[in-house]
Amino acid sequence: MRRLTLACLLGLGPLAGFAHAQTVDEIVARHIEARGSEAQWQAVRTLRMTGRAVAGPGREALITREIKQPGRVRTEFTFQGITGVFAFDGKRGWQISPLTGVIEPRLMPAGEALLAVEQADLEGPLVAARRHGAALVLVGRETIAGRETFRIRVTPKSNPTQEHYLDAETFLILRSDTTRTVGGRNLAVETAFSDYRSVGGLVFPHTIEMGAANRPDRLRIVVETIELNPTIDDSRFKAPSGTRK
Amino acid sequence: MRHPSTIAVLLALIPAIAGADDVILKGGGRVSGRILSRTDKAIEVDVGAGTITVPMTSVVRIDQKRSPLDDYYERAGALRADDAAGWLALGKWASSQGLGSQARTAFENVVAADPANVEANQALGRVFMDGRWVTQEDSYRARGFVQFEGEWMAPADRDAIVKQRDQQQQAETAQLEAERRTREAEARAAEAEARAREAEAAAPGNAGYPLYWDGYWGYGPPVWPTRPIVTPPRPTPPIARPPARPRPDEARQ
């Protein structure tokens with residue numbers, strides 16, 4: 001009898017997380033807690049990450065991302081000694097991309113700049129969604145890469161719908177799905193997050209893999225360093241004078 | 001008195017070192033490499049994988065400095081062709097510097113000297129299948145993917161793209177033209193696939209497919225930077241290699 005009780009308890013163990021986090025609000029709260037306390041996140045005013053982006057043999061770039069609150073982000077992408085800049089100053093997105101022919105600073109199309117608005121949020125897409133008034137719905141539970149997950153759908157006001165799969169035990173995001181318009185057609189795009197590690201008490205994924213669903217090629221980002229609250233001048237985000245449309 | 005061959009090697013090194021520059025662009029863009037030519041209007045820079053031309057109106061300043069590319073060529077020049085460990089270390093270093101083309105060359109040299117080297121094969125994207133290392137492309141083919149417009153996908157996916165394009169065309173034309181246009185689209189699809197294969201053969205690993213840069217890591221270029229304004233490297237090697245040193249067993253004889 002005791003064995004049976006123990007077996008039942010062990011069997012129910014994995015479901016305990018589900019029982020305690022049934023609503024989307026509770027799941028998001030556990031997610032925020034899993035990545036660090038709200039006070040800790042609010043204390044981060046600037047962030048700098050460096051790493052490598054690998055898209056295949058011979059396609060490897062050095063990348064740096066800088067974020068400054070409120071809502072500013074700058075990504076530098078260095079491939080074969082050539083550095084491009086993709087930045088958002090809180091209102092406008094701009095870029096320099098010598099390898100794709102954009103040598104003079106140029107404003108980004110409004111649609112691309114809108115994506116940057118969400119990406120400038122330090123706490124991640126779920127908190128960003130809340131902040132920007134997006135609707136969050138718990139779609140259900142699914143097994144992703146052998147892990148039980150909560151599937152949460154985010155419907156932003158302007159950007160495409162996203163679906164995030166949160167590990168039912170750790171409450172960290174394992175995968176995010178969305179759609180992108182590439183070459184005039186909609187593509188399902190998957191982003192997988194792994195190698196979560198704590199930096200200054202805050203938890204960040206250190207490996208991110210992006211690619212189109214059902215296609216073999218992947219862009220892998222390996223995060224090598226993360227600095228919390230480094231000094232970053234405002235001018236890093238501002239479009240240079242003479243930036244063209 | 002210096003030996004003439006020593007002077008020749010030093011002279012061969014001069015263009016690699018003296019021309020090393022960082023061309024700083026407005027907004028923080030940067031082009032690092034060797035300046036090949038400079039006029040009032042433009043600067044041509046060898047970046048190791050080819051050359052790039054930058055208009056002077058975009059240049060903020062030019063910092064003269066030694067570039068990682070110079071370090072690569074110097075280290076490569078000192079390696080024997082069969083020094084697999086040396087090429088592997090150099091490949092990893094080049095990779096850490098964002099010198100993808102040089103890293104690839106170094107890893108290819110490792111595999112030439114040591115075909116079973118796991119790290120080099122993996123760095124080249126090769127996959128161990130049926131007891132041998134095959135290219136990433138061959139592994140994709142073996143898994144049933146096809147290459148279409150530079151991107152690997154399932155045949156059904158390619159067919160759907162072609163179909164979608166065809167439907168868009170049909171909407172613009174008369175109903176009677178529909179069947180003929182479908183046949184043309186199929187022919188175009190086959191032709192495009194053939195062209196993609198040719199392009200792949202001509203420029204392996206430089207296809208320029210979409211990156212799908214997304215998520216909360218920041219946003220970057222929409223496609224992997226490719227050749228639009230980078231012309232292929234010049235055929236002349238950047239520096240003269242020193243003569244191969246004798247192997248230890250040869251030296252003993």
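## A:I144 and its strand

A:I144 lies in strand β7 (residues 135–144) of chain A. Helices (H or I, at least four residues) and strands (E, at least two) are DSSP runs, numbered from the N terminus. This is a predicted model: local features need pLDDT of at least 70, side-chain atom pairs count only at pLDDT 80 or more, and totals for chains, interfaces and linings use all residues. Residues are numbered from 1 along each chain as its sequence is written, while chains are lettered from A and ligands numbered from 1 in the order in which they are written.

The cut-offs: a residue is buried if 20 or more other C-beta atoms lie within 10 Å of its own, exposed if 12 or fewer, and partly exposed in between, with C-beta atoms placed from the backbone. Leaving aside residues up to four places away in sequence, A:I144 touches A:T149, A:Y165, A:L174 and A:R175. Contact here puts two C-beta atoms, placed from the backbone, within 7 Å. A:T181 is 37 residues from A:I144 in sequence and 25 Å from it in space, C-alpha to C-alpha.

## Strand pairing in chain A

β7(A) and β8(A) run antiparallel and are joined by nine bridges. Strands pair if DSSP finds at least two bridges between them. A:T149 in β8(A) stands opposite A:E142. The hairpin of these strands has two residues between them, and A:A145 takes a positive phi near 50°.

β8(A) also pairs with β9(A), antiparallel, over six bridges. Here A:F150 stands opposite A:L166 in β9(A). Six residues lie between the strands of this hairpin. In a regular strand the side chains alternate between the two faces of the sheet.

A further antiparallel pair is β5 (residues 93–97) with β6 (residues 102–107) of chain A, over three bridges. A:Q95 has A:R106 in β6(A) as its bridge partner. Four residues separate the strands of this hairpin, and A:G101 in the turn has a positive phi of about 95°.

## Helix α3 of chain A

Helix α3 (residues 24–35) of chain A has twelve residues. Its first and last C-alpha are 17 Å apart, close to the 16 Å expected at 1.5 Å a residue. The expected span is 1.5 Å times one less than the number of residues. Buried in α3(A) are A:I27, A:V28, A:H31 and A:R35. They lie on the same side of α3(A), because they cover an arc of only 95° around the axis. That arc is taken from the directions from the helix axis to the C-beta atoms.

What do the buried residues of α3(A) pack against? They pack against α6 (125–131), β7, β8 (147–155), β9 (162–167) and β12 (202–212) of chain A. The face turned away from the buried side carries the exposed residues A:D25 and A:E33. A:G36 follows α3(A), with a positive phi near 130°.

## Helix α3 of chain B

The 13 residues of helix α3 (residues 84–96) of chain B should span 18 Å at 1.5 Å a residue, and the end C-alpha atoms are 18 Å apart, which agrees. Its buried residues are B:A84, B:W87, B:L88, B:L90, B:G91, B:A94 and B:S95. An arc of only 165° around the axis puts them on the same side of α3(B).

Their cover includes β2 (59–68) of chain A, together with α2 (68–77), α4 (100–113) and α5 (118–123) of chain B. Just after α3(B), B:G98 takes a positive phi of about 80°.

## Nonpolar cores

A nonpolar core is a set of buried Ala, Val, Leu, Ile, Met, Phe, Trp, Tyr and Cys residues joined through C-beta atoms within 7 Å. The largest has 59 residues, of which A:A53, A:A87, A:L166, B:V31, B:V45 and B:V54 touch the most other members. Another core, of 17 residues, lies apart from it; B:Y73, B:A76, B:W87 and B:A123 are among them.

## Chains and confidence

Chain A has six helices and 13 strands. Buried residues make up 41% of its 245 residues. Chain B has nine helices and ten strands, and 31% of its 253 residues are buried.

The model scores ipTM 0.70 and pTM 0.71. The mean pLDDT (the predictor's confidence in each residue, from 0 to 100) of chain B is 74, and 67% of its residues reach 70 or more. Residues 1–18 of chain B have pLDDT below 50, and this stretch has 14 contacts beyond near neighbours in sequence. Residues 199–210 of chain B also have pLDDT below 50, with 25 such contacts in the model.
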